[in-house]
Structures are given as structure tokens and as C-alpha cells.
Amino acid sequence: MRSLCKDRSGFLAFLLLLALLIVVPAGANADFRRFVTGYVNDHAGLLRPEEERELSALLADLDVQTTNQFIVVTLPGLPPGENLELFALRLAEAAQPGTAERDNGLLLLILSNERKIRVEVGTGLEEKITDGRAGRVIREVLAPAFQKEAYFSGIKEALEVFIHWVEPSYLPEGSAKAAFDFEEEEGPGVLFFLILFLLLTVFSTYTSRYQQRRWYKRGYSQRTMGPVFYPLTGNRNRPSSPFKGFGGGGFRGGNFRGGGGFRGGGASGGW
């Protein structure tokens with residue numbers, strides 16, 4: 001029975017990767033990497049500069065001491081036609097936090113205007129940060145803090161909880177975060193999420209392309225409808241972009257080491 005499940009999981013994973021190769025255009029990774037220039041990327045303006053520096057320092061030290069690479073990205077909202085889970089997975093795959101040997105990366109994505117949260121967990125950390133655990137951190141740590149607009153304290157506590165689960169010896173023994181343990185929650189399983197993700201991928205792509213054709217038939221383009229996104233380089237006299245002012249700490253060598261793999265593990269929620 002276990003062998004059968006493994007075979008089915010492998011086949012579905014193959015279908016998922018095939019769908020991504022079909023759906024994601026060439027050069028998409030470069031577009032996604034512009035959202036990640038450091039450990040903390042506060043494009044939504046939820047953090048003060050000193051708070052961003054403190055979180056960046058925490059994650060930079062975690063990286064140096066343990067090789068686990070966690071990144072935080074806040075955005076006002078999703079680009080037009082994007083799905084939260086698919087966007088987060090593609091963003092994590094583009095940034096590739098973690099190492100190829102351990103796949104020990106994590107992405108915390110926060111959408112301020114849409115009030116949505118996604119935790120994307122690297123494949124090497126899925127046993128320690130399960131879907132159920134990630135979901136409870138969203139519901140019991142991040143959501144209550146964000147409802148009070150306490151973004152810094154919520155993000156910091158959530159990161160410390162994740163760090164404790166991954167590296168229990170990293171934080172001081174007996175700290176409040178070290179005591180934040182949950183019983184494992186039962187979930188529908190990896191197979192269900194792989195199938196659901198594959199369906200969402202196909203549906204999101206089809207509806208996005210169909211809607212785009214309708215806009216062009218009516219004489220519109222993306223530059224005249226909805227949010228407008230501009231590249232980071234070029235003419236500075238253009239209209240202001242919602243992603244202006246990228247910040248956060250730096251990586252060793254200026255970039256992630258690259259190689260961390262993701263397959264859709266994690267959880268989504270809101271506040």
C-alpha cells in the first residue's frame with residue numbers, strides 16, 4: 001500500500017511539474033526574483049525600517065548558523081489573474097531559499113490589501129512544519145496580531161515558532177516560543193493538495209488568458225485596467241509602483257545560494 005502511494009505521489013508530482021513547464025513562460029523566474037532582494041522584503045510598507053532590519057538580522061543569523069533560509073515578502077496584492085497558492089509557489093521556486101541538499105527554505109507571503117497569508121514550506125522541512133502546523137500559526141499567531149495591526153510582533157513570533165520546530169536548539173531553551181507546540185492535525189494529505197493545485201493551475205491559466213482576450217477585444221490592455229507593475233530599472237519619472245522601495249538585509253554573495261525545492265506544502269489563511 002505504501003509503495004502504491006509513493007508511485008501515485010511521484011506520478012502526480014510529475015504532472016505538477018509538467019503543468020508548470022507548460023504554464024510558466026520563459027523568463028518568469030527573473031520577473032519573480034525582483035520581489036526578493038533580501039530576507040525581508042516589505043513592499044507593502046507594513047514594517048518600520050528598524051523592524052525590518054531586526055527581522056533581517058534574525059534570519060541572516062539563522063542562515064549562517066543552520067543553513068535554513070526563511071524569507072518574508074509583503075505585497076499590496078497579487079498581480080492580475082494570479083492565484084495565491086500558485087503565485088507563492090512560483091515565487092519560492094524563483095528565489096530558491098535553502099540548499100539543494102536539504103531543501104530547507106520557507107516563504108512567508110503577506111498581502112496587505114487582500115488580507116491574505118501564505119506559508120510555503122520547502123520539501124525538506126515539510127515533516128517539521130506540516131500543513132496543519134503552518135495553518136495554526138496563521139490562525140493563532142499571525143491573524144490575531146494583524147487584526148491589531150501589530151505586523152512586526154506577529155511576523156517575529158511566527159518566525160520564531162517556525163525556527164523552533166526546525167532547529168529547537170537555536171532559540172533559548174524554555175522560551176515562550178519553544179513552548180509553542182501543537183498536536184499534529186489530520187489533513188487530507190499530500191495527494192489531495194497535489195491534485196487540487198494542478199486543477200487550480202490549469203483553471204487560473206485558462207481564465208487569465210480568456211479574460212485578457214476579452215479586454216483586448218474591448219480595446220483595453222493591462223496598462224489601462226487594474227494594478228500596473230513596472231520593472232525596477234529604467235525611467236524614474238514613470239508613475240509610482242506599489243513595489244517601489246525594496247529593502248531588507250542581504251544574502252551572502254548578494255543572493256540566495258539557490259537550490260531549495262518546493263512542491264506546494266504549507267498553508268493559506270487571512271485576517
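Gly122 has Phe262 in strand 5 as its bridge partner. Strands here are DSSP runs of E with at least two residues, and helices are runs of H or I with at least four, both numbered from the N terminus. The model is predicted, so local features need pLDDT of at least 70 and side-chain atom pairs count only at pLDDT 80 or more, while totals for chains, interfaces and linings use all residues. Residues are numbered from 1 along each chain as its sequence is written, and side-chain values use heavy atoms, with hydrogens and water left out.

Strand 4 and strand 5 run antiparallel and are joined by 6 bridges; two strands pair if DSSP finds at least two bridges between them. Strand 4 (residues 116–122) also pairs with strand 3 (residues 105–111), again in the antiparallel sense and over 6 bridges. Within this pairing, Leu108 has Val119 of strand 4 as its bridge partner. The two strands form a hairpin with 4 residues between them, and Arg115 in the turn has a positive phi of about 55°.

Rings of Phe, Tyr and Trp (its six-membered ring) pair if their centres lie within 6.5 Å; planes under 30 degrees apart count as stacked, over 60 as edge-to-face and the rest as tilted. By this rule there are 4 aromatic pairs. One of them joins Phe35 and Phe87 edge-to-face, at 5.9 Å centre to centre and 65° between the planes. Phe35 lies in the loop between helix 2 (28–33) and strand 1 (40–42), and Phe87 in helix 4 (residues 84–95), so the pair ties together parts 52 residues apart in sequence. Both Phe35 and Phe87 are buried. The rings of Phe146 and Trp271 are also edge-to-face, because their planes stand at 80°, with centres 5.0 Å apart. Phe146 belongs to helix 5 (residues 131–147) and Trp271 to the segment after strand 5 (262–270), so this pair ties together parts 125 residues apart in sequence. Phe146, Tyr151 and Trp271 form one aromatic cluster.

Helix 3 (residues 49–66) and helix 6 (residues 151–166) pack at an angle of about 10°, with their axes 11 Å apart. Axes are lines fitted to C-alpha atoms, for helices over the stretch in contact, and angles run from 0 to 180 degrees between N-to-C directions.

Conventions:
Buried < 20%, exposed > 50% of the residue type's maximum accessible area, 1.4 Å probe, protein only.
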